Amino acid sequence: KCCMTLVYIFISLSIFWRLDKDYYGFNDRAGFLFFFSVNHFLSIIFGAILVFPQERPTFLRENQGKLYGVSTYYISKSIVETPLVLINNVIYSAIVYYLVDLRGGAGHFFMFLFIFFILAWMSHSMGYFFGTTFSDLNTATIITQFTVIPFFLFSGFLINVVNMPIWLSWLQYFSPFRFSIEASMKNEFEGRSDSPFDIIGEYNMDLGKWYCVICMFCWGVFYRTLGGICLKLLVRKTG
């Protein structure tokens, strides 16, 4: 995991090193925030998916032997693994923030860390859900890919939210990228006097920074809870 993080840091800095503060530089910052959101989310969710399918035979055997219950196992996994993922996320975010030359000021810096901290929590929770729902690792990975990839389209970055078809636009509220990109872009661009254009207005991002953060957190709680329920159903089915 550490090696992967170093590779992503190298890639990020090779392309987005010390961006200029002109029209193209601000556009490039928006592109970086999109890349950063997608990279963070995918690297964490696919790592979390691996946990339960690999441990499934051992878990079922020890659970049937009354060594521990489902709740004990699930909660302990969350307590041990989640902080490591989140700390790794914070370190990665802190390194790239100043080297890419994002917005100055401690408040914006810590808000950036907090936004991607919550995104990491949501991603890790979704990984737990998919990992407990499907016993086969290949199936879990394929289903996750087909579920997550369409979220790119509803991020509000690849297509403006006002141009989304009305009958599909509601799907944006299921997209983690819709929330993380708007929150991070508002943190970076909102109220800047040196911006050559209103990038927030051009993307029509109007949900609100804190609204996006709260939505990511709530979705994380939802998926984390759903993962525990699926694990209980698995035990009941096999027991």
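Here is a short chat about a predicted model and the reasoning behind a few of its labels.

User: What are the elements of this protein, helices or strands?

Analyst: The protein has nine helices and zero strands. Read from the N terminus, the elements run α-α-α-α-α-α-α-α-α.

User: How do you know whether the span of α5 agrees with its number of residues?

Analyst: Helix α5 covers residues 106-133, which is 28 residues. At 1.5 Å a residue they should span 40 Å, and the end C-alpha atoms sit 41 Å apart, so the two agree. Helix α5 is also mostly covered, with 21 of its 28 residues buried.

User: And what makes you say that α7 is enclosed by the rest of the structure?

Analyst: Buried means under 20% relative accessible area. In α7, 14 of the 14 residues are buried, so the helix is largely enclosed by the rest of the structure. Its reach from first C-alpha to last is 20 Å, close to the 20 Å expected at 1.5 Å a residue. After α7 comes G191, with a positive phi near 75°.

User: Why is S169 called buried?

Analyst: Its relative accessibility is 18%, and the cut-off for buried is under 20%. S169 falls on the buried side because 18% is under that limit. You'll find S169 in the loop between α6 (137-153) and α7 (176-189). Its side chain reaches the backbone oxygen of I166 at 3.1 Å.

User: Why is the E81 and K77 pair called a polar contact?

Analyst: The two side chains make their contact at 2.9 Å. E81 lies in helix α4 (residues 70-100). As background, an α-helix has 3.6 residues a turn, so residues three or four places apart point the same way.

User: Which residues does E81 contact, leaving aside neighbours within four places in sequence?

Analyst: Those are V51, H124 and Y128.

Methods: Residues numbered from 1 in each chain as written. Predicted model: local features only at pLDDT ≥ 70, side-chain atom pairs only at ≥ 80, totals over all residues. Heavy atoms only, no water. Helix = DSSP H or I, 4+ residues; strand = E, 2+ residues; numbered from the N terminus. Polar contact = N/O pair within 3.5 Å; in protein donor to acceptor, adjacent residues only side chain to side chain. Contact = heavy atoms within 4.5 Å. Expected span 1.5 Å × (residues − 1). Buried < 20%, exposed > 50% of the residue type's maximum accessible area, 1.4 Å probe, protein only.
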